Amino acid sequence: MTEISTGRPPHYDIEYDETLAIQIFNGLRPEISKGTPECYIQLANQCMDDDPSNRPSASFINNELTRWYNIVDRNAAKDEKELIILKAFQSADTIIPTLSIKFPICSEDKLTNSTSIDLSISDDFIDGISWCINNINLLVYKNFINL
């Protein structure tokens, strides 16, 4: 969420190493851009909470983002809370074009991933999955016959 707010990768100006990991563990969080709506900042901070059990679910995040989108898309507010959200996003829309998204100290490896990943699946794994599917199908069939 901070990358969407700033247009920059998190901690773009800091070396990605053990020191950064310790700083993040100790509470360092990425910056949030000037003009970002307060409701967005609050949600971003919840997502970055030190305690994972305090972080919102993907469903909650989706619902909030959808709600905000609908308020802005219809350009109308049903109540005072929605009016605050609408005005905040409208204000952000005027600020966003003025923000710089240049990366003064950002190394190329923070923007791309050149690491290759082996995505091959072993025959044993495929055989195991096939066995599971066949047995599930057999179980479903047996239960269907017994109805």
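Helices here are DSSP runs (H or I, at least four residues), numbered from the N terminus. The model is predicted, so local features need pLDDT of at least 70 and side-chain atom pairs count only at pLDDT 80 or more, while totals for chains, interfaces and linings use all residues. Residues are numbered from 1 along each chain as its sequence is written, and side-chain values use heavy atoms, with hydrogens and water left out.

**Helix 4**

Helix 4 has 17 residues and reaches 24 Å from its first C-alpha to its last, close to the 24 Å expected at 1.5 Å a residue; the expected span is 1.5 Å times one less than the number of residues. Within helix 4, colour Ile61, Glu64, Trp68 and Ile71, which are buried (under 20% relative accessible area; exposed means over 50%, and partly exposed lies in between, with a 1.4 Å probe and protein chains only). Seen down the axis of helix 4, the buried residues fall within an arc of 100°, so they line one face of the helix. The arc is that of the directions from the helix axis to the C-beta atoms. Turn to the other side of helix 4 to find Ala58, Tyr69 and Asp73, which are exposed.

**The aromatic rings**

Which residues do ring pairs link into a cluster? Select Tyr40, Trp68 and Phe89. The structure holds two aromatic pairs; rings of Phe, Tyr and Trp (its six-membered ring) pair if their centres lie within 6.5 Å, and planes under 30 degrees apart count as stacked, over 60 as edge-to-face and the rest as tilted. The rings of Tyr40 and Trp68 have centres 6.3 Å apart and planes at 45°, so this pair is tilted. Tyr40 lies in helix 3 and Trp68 in helix 4, so the pair ties together parts that are 28 residues apart in sequence. The rings of Trp68 and Phe89 have centres 5.8 Å apart and planes at 45°, so this pair is tilted. Phe89 lies in helix 5, so its pair with Trp68 ties together parts that are 21 residues apart in sequence.

**Glu82**

Finally, select Glu82 in helix 5 (residues 80–95). Glu82 is buried, with a relative accessible area of 10%. Leaving aside neighbours within four places in sequence, Glu82 is in contact with Ile71, Arg74, Ala76 and Ala77 (contact means heavy atoms within 4.5 Å).

Methods: Helices (H or I, at least four residues) and strands (E, at least two) are DSSP runs, numbered from the N terminus.
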